[in-house]
Amino acid sequence: MADTTIEWTDATWNPVAGCTIMSAGCTNCYAMRMAARLEAMGVEKYRGLTRKSGGRPKWTGALFLDENALQIPMTWSRPRNVFVNSMSDLFHPDVPVDFVRKVWSVMAETRRHTYQILTKRPDRMAAVLQDGFDVLPNVWLGASIEDGRVIHRLDELREVPAALRFTSFEPLIGSVSAGNLKGIQWAIVGGESGPHARPMDPTWIDEIFDMCTDADTAFFFKQWGGYNKKKTGRSYRGRTWDNMPAAAA
């Protein structure tokens, strides 16, 4: 819950910790490795959230709802882009709607910040937010999509009441050419990184770039990824793409 090196945001805020593996994009989730590391360091919030399987940490499915973390954005006086729940999913089925309301209340009270919420469960996001939640102008709602097997998440995201919708194609492990970005204002693209990273085909990026052009969607290229993401860099078509949606102004 502090400044971050994630290229498309300024800070992370984790009122929820822990998750459940849902689809292929979760296999090498960095948050599982980080949660295991934090538990080993004695951070109580992450105790019991992962277990070793095949020599690697995996989510147990346990969640920690951190009431004490709710007030943290109120202590930040400088406006920030805030990635909400980088270590979890606010719309995990075991996060109570009442707790989501508490998070919503904090975001409504701190409109100087822009909140970016990603989920692999946009169907639940839509169902929850259609039941008495205000559409907050400083809250961007997005879905993570790793390949064509979960492209339906784009249609589910379009059902979400939001001031701005975005998608993260990271880790991009397959083609998503069957989708379209109508009604999606921002697309983040990134390859998987870390010791078990799966390769990203440049053709898959080209397909998304064309989709962004057709839908007038801002294109943000985060990384090529791989074992050493610093070495592979962020350059695509000879330049860096840090496009943000118009609402970022």
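Predicted model: local features only at pLDDT ≥ 70, side-chain atom pairs only at ≥ 80, totals over all residues.
The model contains an open sheet of 7 strands, ordered S1-S6-S7-S8-S9-S10-S11, with parallel pairing. Strand S1 (11-13) and strand S11 (218-223) form the edges, each pairing on one side only. From one strand to the next, the twist averages 25°. Within this sheet, S6 and strand S7 (residues 114-119) run parallel and are joined by 4 bridges. At this pairing, Val-82 stands opposite Tyr-115 in S7. Helix H5 (residues 202-215) lies across strand S9 (164-169), strand S10 (186-190) and S11. The helix runs at about 155° to S11.

Nonpolar residues were then grouped into cores. In soluble globular proteins, nonpolar side chains tend to be buried together. The largest nonpolar core in the model comprises 53 residues. Trp-13, Trp-104, Met-107, Ile-117 and Phe-219 are the residues with the most contacts inside this core. When neighbours within four places in sequence are left aside, Trp-104 is in contact with Phe-91, Ile-117, Leu-129, Phe-133, Asp-134, Leu-136, Val-139 and Leu-141. Another core, of 11 residues, lies apart from the largest one; among its members are Phe-83, Trp-140, Trp-186 and Ala-218.

Thr-119 is found in strand S7 and is buried, with a relative accessible area of 1%. Since this value falls under the 20% limit, the residue is classed as buried. The side chain of Thr-119 makes a polar contact of 2.8 Å with the side chain of Asp-89. A polar atom of the Thr-119 side chain also lies 2.8 Å from the backbone nitrogen of Arg-121. Leaving aside neighbours within four places in sequence, the contacts of Thr-119 are Asp-89, Phe-91, Met-125, Gly-142, Ala-143 and Ser-144.

The structure holds 13 salt bridges. One of them joins the side chains of Asp-66 and Lys-45, with an N to O distance of 3.0 Å. Asp-66 lies in the loop between strand S5 (64-65) and strand S6 (81-84), and Lys-45 in the loop between helix H1 (30-40) and strand S3 (50-53), so the pair ties together parts that are 21 residues apart in sequence. Asp-66 counts as buried at 11% relative accessibility, and Lys-45 likewise counts as buried at 9%.

A salt bridge is also formed by the side chains of Glu-192 and Arg-198 (2.8 Å, N to O). In this pair Glu-192 is buried, with a relative accessible area of 5%, whereas Arg-198 counts as partly exposed at 25% relative accessibility. The side chains of Asp-242 and Arg-234 meet at an N to O distance of 2.4 Å in a further salt bridge. Asp-242 counts as partly exposed at 39% relative accessibility, and Arg-234 is partly exposed as well, with a relative accessible area of 22%. Finally, a network of salt bridges links Glu-7, Glu-170 and Lys-222.

How values were computed. Residues numbered from 1 in each chain as written. Heavy atoms only, no water. Salt bridge = Lys/Arg side-chain N within 4 Å of Asp/Glu carboxyl O. Helix = DSSP H or I, 4+ residues; strand = E, 2+ residues; numbered from the N terminus. Buried < 20%, exposed > 50% of the residue type's maximum accessible area, 1.4 Å probe, protein only. Pairing = 2+ DSSP bridges. Axes fitted to C-alpha atoms, helices over the stretch in contact; angles between N-to-C directions. Contact = heavy atoms within 4.5 Å. Polar contact = N/O pair within 3.5 Å; in protein donor to acceptor, adjacent residues only side chain to side chain. Core = buried A, V, L, I, M, F, W, Y, C linked by side-chain atoms within 4.5 Å.
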